[in-house]
Amino acid sequence: MALRRRRLTTTCLGVVTAGLLTSGAVLPVTHHADEPAAANGSTADESAADESAADVSAAAIGSAREKPKPPRAPSPALGAYLDYGPKGVRRIAAMQSWLGGRELRVGHTYLPGDVWSNIEGKPEFLEDWAAWRKAKDDRLFVLNVPMLERNEEHVPDGVVRHELRRAAQGDYDSHFKALAERLVGLGVPDTVIVLGWEMNGETYTHRCGPDPQSWKKYWNRIVTTMRAVPGQKFRFDFAPNRGRDAIPWTECYPGDDVVDIMGMDSYDQPPGRTFDEQVNEPFGLQEHVDFAAAHGKVISYPEWGLFRNGDNPEYMRRMLQWIDTYKPVYNTLTDYCPHGVWQCGQNPKSSKMYRALLYGFKPEPVPTPTLPPIPTPTQPPRNCLPLDLGPWVEKWLGGRICIRLNWSQREDG
């Protein structure tokens with residue numbers, strides 16, 4: 001699981017900010033004063049050469065087993081979590097510039113889980129994101145939605161169990177109806193809802209472990225309630241932590257009819273010391289894609305990035321290869337320290353790798369040199385006997401030598 005500074009309230013979220021990278025590379029970056037500094041100034045060409053990072057073929061995936069793959073998204077969308085509010089919207093364009101124009105099509109934020117009124121999605125919180133989403137048809141708005149208030153207050157299991165049982169009976173349906181109506185009213189009825197994320201862990205009040213059966217019933221109620229709102233086109237993303245955590249995430253899966261996307265949050269941390277371990281551990285990356293394939297679901301990676309294993313360019317390379325192979329409908333890197341690569345300067349090697357693999361700048365084509373026209377050979381004059389001196393001599397002399405047959409006579413005027 002990631003560090004959670006960003007989600008407690010709409011006022012306590014902090015992300016490192018400084019001047020945006022303006023490297024001497026091919027694409028200068030225009031930025032606002034409050035936009036973050038890039039982790040390094042290396043060019044994409046240097047990074048690719050140093051790390052041999054251009055090869056992102058499936059053959060490089062190490063120990064991934066040959067098994068049926070989940071459905072692939074027709075046009076996978078790339079994004080990053082950059083900030084919860086308007087700064088996050090503005091930083092999308094700045095990070096695109098850092099990536100040489102590579103488009104970030106996903107806008108990703110979180111509703112605060114402190115009180116129900118925030119879980120209902122206040123318009124002033126969602127308006128900027130809605131405007132960004134509506135500016136282009138192919139953009140994707142991803143919204144993490146808590147299932148219970150006091151979501152990060154370390155509520156004990158007994159209280160969580162009581163809350164889940166109340167919720168399973170419908171006590172909190174009205175809050176999600178209000179959220180659905182708000183999203184439709186703002187013109188973003190196709191929002192991807194990452195509902196109750198990392199439910200297999202211990203961090204959140206909306207966790208599954210204290211009562212999995214009530215949790216699943218509650219998920220079904222929320223989805224049914226939100227889908228009943230006229231005009232909605234929501235997709236619901238079930239996104240556990242990678243690995244077993246407090247409870248196997250398979251025990252929390254609420255059913256194919258109420259899940260549209262099979263997500264996973266996957267950070268570079270133990271028990272996965274290496275990427276191969278993260279692939280092959282119980283309930284790890286491989287089991288995730290196998291489960292999605294068996295249930296006919298597309299996959300996603302709503303949260304991923306660096307963590308307790310430090311600045312790890314090999315993880316970055318392998319995770320991007322994994323994403324390239326399995327084509328999730330979207331992926332969003334968590335881009336703040338200690339997880340990120342653009343807003344976090346403590347991961348320079350991983351930043352260099354990420355930028356090398358995703359840098360979208362295409363240099364201007366080199367013009368084809370213009371060659372001088374081939375001269376038309378001149379015909380020897382009449383009454384002239386050409387001498388065959390060979391092509392090299394003729395080239396050096398600039399043509400054939402000709403001896404006039406009537407050299408002793410003067411030509412008539």
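What follows goes from a central strand to a helix and then to the aromatic pairs.

The model is predicted, so local features need pLDDT of at least 70 and side-chain atom pairs count only at pLDDT 80 or more, while totals for chains, interfaces and linings use all residues. Residues are numbered from 1 along each chain as its sequence is written, and side-chain values use heavy atoms, with hydrogens and water left out.

Strand β4 covers residues 192-195; helices (H or I, at least four residues) and strands (E, at least two) are DSSP runs, numbered from the N terminus. Val-192 and Val-194 point one way from β4, whereas Ile-193 and Leu-195 point the other way, and all are buried, that is, under 20% relative accessible area with a 1.4 Å probe and protein chains only. Strands pair if DSSP finds at least two bridges between them, and β4 pairs in the parallel sense with β3 (residues 140-145) over 4 bridges, with Val-145 standing opposite Leu-195. Strand β5 (residues 235-238) also runs parallel to β4, joined to it by 3 bridges, and Arg-235 in β5 is the bridge partner of Val-192.

Helix α4 (residues 123-134) has 12 residues, which at 1.5 Å a residue should span 16 Å, and this agrees with the 15 Å between its end C-alpha atoms; the expected span is 1.5 Å times one less than the number of residues. Its buried residues are Phe-125, Leu-126, Trp-129, Ala-130, Trp-132 and Arg-133. Seen down the axis of α4, these fall within an arc of 160 degrees, so they line one face of the helix, the arc being that of the directions from the helix axis to the C-beta atoms.

Across the whole structure, a search finds 24 aromatic pairs, where rings of Phe, Tyr and Trp (its six-membered ring) pair if their centres lie within 6.5 Å, and planes under 30 degrees apart count as stacked, over 60 as edge-to-face and the rest as tilted. The rings of Trp-116 and Tyr-172 have centres 4.8 Å apart and planes at 35 degrees, so this pair is tilted. Trp-116 lies in helix α3 (residues 116-119) and Tyr-172 in the loop between α5 (157-168) and α6, 56 residues apart, and the pair thus links distant parts of the chain. Trp-116 counts as buried because its relative accessibility is 9%, and Tyr-172 is buried with a relative accessible area of 6%.

Terms used. Buried means under 20% relative accessible area, exposed over 50%, partly exposed in between (1.4 Å probe, protein chains only).
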